[in-house]
Protein chains: 2
Amino acid sequence: MKKLLLLLFLPFSLAAQQNQDSIFIRKIADELLTNGKAYEWLRQLTKQVGGRLAGSPKFEKAVKWGESVMKEAGADHVMLQECIMPNWNRGGKDVATIIGIDGKKINRPLDVLALGNSLGTGGKAVTGEVVAVADYNELEAKKDLIKGKIVYYNYKFNPRNIDPSVSYGEAGQYRRNGASRAAKYGAVGIIIRSLTEATDNNPHTGGMTYNDSFPKIPAVAVGGDDADYLWSLAKKSTFQVSITTNGKFLPDAKGYNVIGELKGSVSADIYITIGGHLDSWDVNEGAHDDGAGVVHTLEVLRTLKALGYQPKHSIRFVLFANEENGLRGGTKYAEEAKAKNEKHLFALESDEGGFTPRGFGFTMNATQLKKVQSWMPLLAPYGTNVLRMGGGGADIGPLNRSLGTALGGFLPDTQRYFDVHHARSDVFENVHKRELLLGALNMAALIYLVDQYGL
Amino acid sequence: MKKLLLLLFLPFSLAAQQNQDSIFIRKIADELLTNGKAYEWLRQLTKQVGGRLAGSPKFEKAVKWGESVMKEAGADHVMLQECIMPNWNRGGKDVATIIGIDGKKINRPLDVLALGNSLGTGGKAVTGEVVAVADYNELEAKKDLIKGKIVYYNYKFNPRNIDPSVSYGEAGQYRRNGASRAAKYGAVGIIIRSLTEATDNNPHTGGMTYNDSFPKIPAVAVGGDDADYLWSLAKKSTFQVSITTNGKFLPDAKGYNVIGELKGSVSADIYITIGGHLDSWDVNEGAHDDGAGVVHTLEVLRTLKALGYQPKHSIRFVLFANEENGLRGGTKYAEEAKAKNEKHLFALESDEGGFTPRGFGFTMNATQLKKVQSWMPLLAPYGTNVLRMGGGGADIGPLNRSLGTALGGFLPDTQRYFDVHHARSDVFENVHKRELLLGALNMAALIYLVDQYGL
């Protein structure tokens, strides 16, 4: 009889609960779409602070801005968590020029950006004949021809990938490791096709690392038009390029994760983290990468606070210090969590841009994922159609690796992301107000559900 | 025993069938994403033809272009289906100016566009004090104050609607009927807030109609910034505006639906239609509206032909003549289908822009929808997450109304659509190559499945 009663009442109470959740998420939506400040905050961050590379004076300014807005958004308290950051500096204008074709001198400038963490040419140009390769296979095949040359990597995004972030993943190795792979065979510099399918000529920077076993040669990226030109030129001609870059590492600098907290009313010692990264590259305004994640985070805080929401768990809103060229912010956050023996239930990151929401990807076990997927009817009206295994974010990765915390990554539509990612065009004007707000809305709803029901 | 065998084999054969479909749709994707011409065709249509209002010489040019590309794309044969179109002409530059505030003369221009089908002011300015209203309720409340005045409608998109096309639907009545509703009470002109939430000042035109019972007064739209200014000004001041417009109807003009056909190999007498509309407003390039639908249609044809696909049913690829201010193309197409007693299984339209795909909406019965929804696993890898009741397209509507044909409407993400819709900013540069191609891909896959399995 008891069982029968349970069977009779369970669906009703579940339905009632889902209805309550649906009403609260609608409240989140109304508050956020009517009074949301994410877009105005992004305007401030991009236009008043601007590009904010870790270690730079602008990053310090960004920390002050973040601390102030975290308070404005309504955090119970705000902390700055110190971490030591790398301090790479571009050091000046990056220049590359085609100086000769088939024995004739010319002067055809290429629009280039040095890759982040790459070292400069020491005040003079590095010149060399160009050996163009499609990929590492071709590099290996031509390894005996490379000594004293400049290697051009033409690796292209595979247009057949539906999600460009898959293409980005495939192409990323050329930016990250291409210099040392070429230096191993005596190359004096490298040029890469930027990691993009954009129909323009903007070069895209981004992090690289050297293998200490080989000379640390200059490394620059060209945009799509110059890349096409270089590739077609290499098919028919012998040509030389000169490269002048000025990258250097200054002494490590102090930086801070900016952390706001809403204290839990039931399980205050169990944490949910939501964040994006405050640093950006130096050549743009870091609007999508990751200004969007920063203001998503602040907007979720503002909205929950504006609705008077009392979370069960403690929620931490984190602007991570250093994602682009070191991951020191996320590493520090996990280190302190471990040192203090904190319990972290879930961490959510937004670091794929401020575009229209499609859903979330998760790093968690199958039972947890099933639970999250049961919330689909509550999230779908707001744009979430995907709740899938796989995802998280660079900054929250250490939390998973050291504490086993379940992770979520916000998945906006990515078709336009790699057009602007790490390029000069990642500016406020390329962020759409409603798309940005809808991202925060879906994130706020997910955080609410995790807070209410755990995993 | 037979039944048992069926039960045993059915799941296998169904799985095998789904696998074959999955392989063919992947072929569609590879062909389309690697060799797709939609983006280049859109460049031609927008840059070489440009704005192509029904009845205008540019529309004639668009017909010639469409006929030529339909052949290039591989139609078995191409027909021009004549229809008589309205021939509204803007007649010159639309001008509106604030000429006095609180008794002081000033000269503050407003950036305006006359609404399509509205009549001009006859070579001189119409001037009047402005009565600003939020909506028709306020208009009715102020009806005794309107005689001799210019009514300003400030009806705003409701930001709480997740889908802006819902907001567009709600706001549309002010553009369509606002002039006559105000003229009924003696207004001499109207200004409307454009049907957009864009964060710029572009005015948006669009179709209106007069009620013949009342004077045909001039009607213009202002963009967001001017709208905010007018609304705040009206809260504190009395002010006058002058309006000069030049709209007129020229004699009806001959136009054409451009129709390409792939002949069916099994049921050649049963038709599937896919289309978009060839006409656009005069003030832009009609890139999203509906250049995207035009090149989607052509790309589906090109791709199926390139893959050597032999459709079971006859597929018609239609560039409709006149959606924006008359619907004469779609009406004619359905009339001829009825006159010839043709059987039309399904019609699909793309007329909500060339943005990233989200799915399709349908006008069909519940059994048909259930069948279509069973294809979700085949479509989801390409961006389709929504297969819902409700949808179609203006041009294919008459086919449903007169023949009962089941309809589908392509649903791209709409967050950015009303930023450019009917505004000067609806240009090629605001269309994203991959988003455009992915739309065609999902449409081609749906057409393939309908052709294979019917409804």
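D290(A) sits in helix α7 (residues 287–306) of chain A. Helices here are DSSP runs of H or I with at least four residues, strands are runs of E with at least two, and both are numbered from the N terminus. The peptide bond between D289(A) and D290(A) is cis, with omega about 0 degrees. Chain B has a cis bond from D289(B) to D290(B), with omega near 0 degrees. D290(B) lies in helix α7 of chain B.

This is a predicted model, in which local features need pLDDT of at least 70, side-chain atom pairs count only at pLDDT 80 or more, and totals for chains, interfaces and linings use all residues. Residues are numbered from 1 along each chain as its sequence is written, while chains are lettered from A and ligands numbered from 1 in the order in which they are written.

**Chain A as a whole**

Chain A holds 13 helices and 18 strands. Its radius of gyration is 24 Å, close to the 23 Å of the globule rule for 455 residues, so chain A is as compact as a globular protein of that length. That radius is taken over C-alpha atoms, and the rule is 2.2 Å times the number of residues to the power 0.38. The C-alpha trace of chain A spans about 90 × 40 × 40 Å along its principal axes.

Of the 455 residues in chain A, 56% are buried. Buried means that 20 or more other C-beta atoms lie within 10 Å of the residue's own; exposed means 12 or fewer, and partly exposed is in between, with C-beta atoms placed from the backbone. Among contacts in chain A with a separation of 6 or more, 83% join residues 24 or more positions apart. Two residues are in contact if their C-beta atoms, placed from the backbone, lie within 7 Å.

**Two domains**

Chain A is assigned domain 1 (25–86 + 251–453) and domain 2 (94–247). Such bounds come from an automatic or database domain assignment. The C-alpha centres of the two domains of chain A lie 33 Å apart. Across the boundary, 15 residues of domain 1 of chain A are in contact with 17 residues of domain 2 of chain A. The domain 1 side of this contact has five nonpolar, six polar and four charged residues. Ala, Val, Leu, Ile, Met, Phe, Trp, Tyr, Cys and Pro count as nonpolar; Asp, Glu, Lys and Arg count as charged; the others, Gly among them, count as polar.

**Two chains**

How are the chains related? A rotation of 180 degrees with 0.0 Å of shift along its axis superposes chain B on chain A, with an RMSD of 0.0 Å. The two copies are thus related as by a two-fold rotation axis. N385(B) comes closest to the axis among the residues of chain B, at 3.0 Å (C-alpha). The same surface serves both copies, as 100% of the contact residues of chain B recur in chain A.

In the interface, 22 residues of chain B are in contact with 22 residues of chain A. On the chain B side, α1 (2–35) and α13 (433–453) are the elements that give two or more residues. The largest share, four residues, comes from α1(B). This side of chain B divides into seven nonpolar, seven polar and eight charged residues.

Of the 20 residues of α7(B), 18 are buried, so the helix is largely enclosed by the rest of the structure. G308(B) follows α7(B) and has a positive phi, near 70 degrees.

Beyond its neighbours within four places in sequence, D351(B) is in contact with residues including D290(B) and G293(B). L327(B) has a positive phi of about 60 degrees although it is not a glycine.

Technical notes:
Copies are superposed by least squares on the C-alpha atoms of residues with pLDDT of at least 70 in both.
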